[in-house]
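Subject: Structure handover

Hello,

Here is the structure we talked about. Please open it next to this email.

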Amino acid sequence: MKALFAILARDMGLARQGWGLALGFFALFVTLMPLAVGPNLEVLRQLGPGMIWLGAALATLISLDRLYQADVEDGSVDQLLLSGMPLEVLVLGKVAAHWLTTILPLVIVAPLLGVMLNLEGQALWALAISLAVGTPALSFIGSIAAAMTAGQRRGGPLLSILVLPLFVPTLIFGAASAASSGEGLAFLGAVTLLSAAISPFASAAALRLHVS
Amino acid sequence: MFGFANPQRFMSFSGAALPWVAAVTVILLGVAAVWGLVLSPADYQQGDTVRIMYVHVPAAWMAMACYAAMAGASFVSLIWGHALADVAAKATAPLGATFTGLALVTGSLWGKPTWGAWWVWDARLTSVLVLFFLYLGYMALWSAIDDRIRAGRLAAILALVGAINLPVIKFSVDFWNTLHQGTSVLRVDGPSLDTVFLYPLLMMALGYMALYVTLLLMRMRTEIWQQQTRAAARRQAVESERPSPQTAESTNG
């Protein structure tokens, strides 16, 4: 437990410079969307929740490739492995830090962007709740693919091919519960819990392979 | 059964079996093709388009069966570390992707006259499309990593994660489709298939399965040969770098 918090604190400290990128990408994505589909407020209100969810998924994707890369390259993972700490704990700590520093800002800003897409009242709440419940799943699932590509020099494109098909359930349940004020929210929670159960083991198994 | 995990024994066994399996494949596919595409009657509603079914349905079955085989082989490779299971999983992926692609293309060809659109966002089509991308990701991971053993293990982890995810994806896509029922899609699976269609279809499915086994054996043999060639090349390189006794003497003298 202590190790978990140590990892968490370390990674949150390290993330202080990088967290704005995903947020900027997310805001830009939502800004570009009306430019592509036209400024009709009724259309935007219909597309809004889905587009914000898609933006959140893509913003998570672009933030993933540095999740383990630096630690594999500079040998931190080897050191942690030598210290006898289970890598699963490292994964949990890093995913928690990733979500808190990179994804939580998106969740906080999302209702504001929702207002700009003509969402109101209940729809904004549904959007915020669905993002809060569902985005941890994106971090957990992304962690598996990030751990697989950590040792690769050009892992970025590979990462997106690996991870986007696995995002399908999260995206569907997330966007559905955002658009329909809660329908599918229970399934979204289930996806988050399932990915939280699988991800530490799969990510750790993949990370071990990068340790020479 | 694990006796065949020995590559040497696998090579001699598969070398003997391959011509027979290939012959069975040709016969099954040939008979089923003539039966399904020529002899069997046209459907009273769909006309001759029903014949697409004989190509499409077995391809869709094999698309799923191949993923199951790949995940099973990956499991064996990850737990027991069998080199052959790795080879089998790697060899299955492109075959599964091809079957999936074939199912998608023939489904699309069938959809145009029947549904009036090349593609509809039906739950089944969508989940098969996602399956296709899972295959692509698996193959991309194999080709991105040079170290064979590491690539095999990572790909095995990916295949298993995908196998756990597949039911969830299927379920979510079904959920998504019922939610968006506005653009409704005809349900195609009629009550029960008449035997005049069913028998050629089953024969075709057996033919596809035999085809899979044939191609799998061929791909596995190729892979093992490639490994042996690489190993031999490496041995040779090492030996040629080591100074031979004569040159060592001559430099001394």
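Below are the notes on its aromatic rings.

This is a predicted model, where local features need pLDDT of at least 70, side-chain atom pairs count only at pLDDT 80 or more, and totals for chains, interfaces and linings use all residues. Residues are numbered from 1 along each chain as its sequence is written, chains are lettered from A and ligands numbered from 1 in the order in which they are written, and side-chain values use heavy atoms, without hydrogens and water.

Over all chains there are 9 aromatic pairs. Rings of Phe, Tyr and Trp (its six-membered ring) pair if their centres lie within 6.5 Å; planes under 30 degrees apart are stacked, over 60 edge-to-face, the rest tilted.

Take A:Phe173 and A:Phe187. Their ring centres are 5.4 Å apart and their planes are at 35°, so this pair is tilted. It links distant parts of chain A: A:Phe173 is in helix α9 (residues 168-179) and A:Phe187 in helix α10 (residues 185-210), 14 residues apart. Helices are DSSP runs (H or I, at least four residues), numbered from the N terminus.

A:Phe173 is buried, at 1% relative accessible area. A:Phe187 is partly exposed, at 35%. Buried means under 20%, exposed over 50%, partly exposed in between (1.4 Å probe, protein chains only).

A:Phe173 also forms a tilted pair with B:Phe171, 6.1 Å centre to centre and 45° between the planes. This pair crosses between chains, to helix α5 (residues 148-179) of chain B. B:Phe171 is partly exposed, at 39%. A:Phe173, A:Phe187, B:Phe171 and B:Phe175 form one aromatic cluster.

Best wishes

Notes: Helix = DSSP H or I, 4+ residues; strand = E, 2+ residues; numbered from the N terminus.
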